[in-house]
Amino acid sequence: MWDISDKYTVSEAPAGRAERLALDETRFRACFRAFFYGELLPRVYGGQSAPLDEAREWLALWRERGLSEGDHDVRFARCLVQAIEDESAASPLDSVYLAAYRREKPEITPEDREVVLRVIHDRRSVRAFHDRDIPDALLARILAAGQHAAHVNNLQSIRYIVVNETHEPWVFRGVDIPPAHQHIAVLQDDRCYQGGGEKNLMDRIVDAGAATECMLLAMHAYGVDGAWLTYNDEEQFPRLRARFDLPDYMRIVDLIDLGYGSQTPFPPQRPDVAERVIVRV
Ligand SMILES: Cc1cc2nc3c(=O)[nH]c(=O)nc-3n(C[C@H](O)[C@H](O)[C@H](O)COP(=O)(O)O)c2cc1C
């Protein structure tokens, strides 16, 4: 049986100062994110005491490595630490240091709700396309939707290969349907997970799936059609790896074919939700 641990290896986050300083930059950033988003933030939200010394240590290491102080992650991390240290606030979440990040819950009108549900319910896999390009600005919004998916520890491991069939004919071939007009391969930078232990083996596959589904929904909202495709790791993946010169740590996980559809598929039927709820207490 295919076992996920055959494909990925587990590596623990380095604990010592010297080891952390010696990490390559991508892994260092990954460990930094895993700490601030995976450990510190949930404690702050949960009203538990936060490991402040470790937080300060990560910030010091960031500076020592000469990484940009303007980076959005470190700016947020510094505000978070200042908020925890802020004795004038009833809780870190009330601190003035987090004021810039505080958001009112956005209002969603009944009409908005209907549109969101319509996009979810009416999205269909489309498998035949016109030879018409998706405008670059629209493509960028679709890719951005992938980055807004939920993501373990906000590691932001997702990378993309975006290909127009006209420029690279047949490089994406590999599944049961002819290549679409455009393609997105959803990749992951494996180094982002090398600080999270064993549970990240599963989380990483789920992260790619979440990004892929968000893109499919954004595509549908913008009138772009497409299908999530299965992979062929005997021919197609090695071909893509070679053509785009992917380093070992860059994994191809999901594939999307997209374009302006030339067919309107029948909707595959879904069972009634009541049949699928196994437990309800
Ligand atoms: C992981 C995954 C792999 C898929 N692979 C293929 C594929 O190789 N070829 C294809 O035509 N459709 C593929 N699909 C699309 C499904 O067949 C489709 O989502 C399903 O039949 C439901 O139809 P709908 O997307 O129109 O709701 C895939 C979907 C997923 C989530």
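Mentor: Let us start with the word strand: strands, like helices, are DSSP runs, with at least two residues needed for a strand and at least four for a helix, and they are numbered from the N terminus. The model before you is predicted, and in it Gly259 has its place in strand E4, which covers residues 250-259.

Trainee: Is Gly259 buried or exposed?

Mentor: The general idea is to count neighbours, and a residue is called buried if 20 or more other C-beta atoms lie within 10 Å of its own. Gly259 is buried because 24 other C-beta atoms lie within 10 Å.

Trainee: Which residues does Gly259 touch, leaving aside those up to four places away in sequence?

Mentor: Gly259 touches Phe129, His130, Arg132, Ile134, Ala180, His181, Gln182, Asp225 and Gly226. Separation along the chain and separation in space should be read side by side, and Gly259 and Ala128 illustrate this, being 131 residues apart in sequence and 8.5 Å apart in space, C-alpha to C-alpha.

Trainee: Where is Val126 found, and why is Val126 called buried?

Mentor: Val126 is found in the loop between helix H6 (110-122) and helix H7 (136-147), and Val126 is called buried because 22 other C-beta atoms lie within 10 Å. With residues up to four places away in sequence again left out, Val126 touches Asp225, Gly226, Ala227, Gly261, Gln263 and Pro265. For a reading of sequence against space, take Val126 and Glu69, which are 57 residues apart along the chain and whose C-alpha atoms are separated by 45 Å.

Trainee: How should I read a pair of packed helices?

Mentor: Two packed helices are described by the angle between their axes and the distance between the axes. Here the axes of helix H3 (residues 25-45) and helix H5 (residues 72-85) come within 11 Å and cross at roughly 35 degrees, and the crossing in which H3 passes H5 is left-handed. On the H3 side the contact is made by Phe32, Arg33, Phe36, Leu40, Leu41 and Val44, and on the H5 side by Asp73, Ala77, Leu80 and Ile84. Sorted by kind, the residues of this contact of H3 with H5 are eight nonpolar, no polar and two charged.

Trainee: What can be said of H3 itself, in its span and its buried residues?

Mentor: H3 has 21 residues and reaches 28 Å from its first C-alpha to its last, which is close to the 30 Å expected at 1.5 Å a residue. The buried residues of H3 include Phe28, Phe32, Phe35, Phe36 and Leu40, and the buried residues of this helix pack against helix H2 (17-22), helix H4 (52-64) and H5. Just after H3, Gly47 takes a positive phi of about 70 degrees.

Trainee: How many helices and strands does the protein chain have, and which domains are assigned?

Mentor: The secondary structure of the protein chain comes to 10 helices and four strands, while the domain assignment gives domain 1 (17-101) and domain 2 (115-259). The centres of these domains, taken over C-alpha atoms, are separated by 31 Å, and eight residues of domain 1 are in contact with nine residues of domain 2. On the side of domain 1 that touches domain 2, the residues divide into four nonpolar, two polar and two charged.

Conventions:
Residues are numbered from 1 along each chain as its sequence is written. This is a predicted model: local features need pLDDT of at least 70, side-chain atom pairs count only at pLDDT 80 or more; totals for chains, interfaces and linings use all residues. A residue is buried if 20 or more other C-beta atoms lie within 10 Å of its own, exposed if 12 or fewer, and partly exposed in between; C-beta atoms are placed from the backbone. Two residues are in contact if their C-beta atoms, placed from the backbone, lie within 7 Å. Axes are lines fitted to C-alpha atoms, for helices over the stretch in contact, and angles run from 0 to 180 degrees between N-to-C directions. A crossing is left-handed if the near helix is turned anticlockwise from the far one by less than a right angle, and right-handed if clockwise. Ala, Val, Leu, Ile, Met, Phe, Trp, Tyr, Cys and Pro count as nonpolar, Asp, Glu, Lys and Arg as charged, and the others, Gly among them, as polar. Domain bounds come from an automatic or database domain assignment. The expected span of a helix is 1.5 Å times one less than its number of residues.
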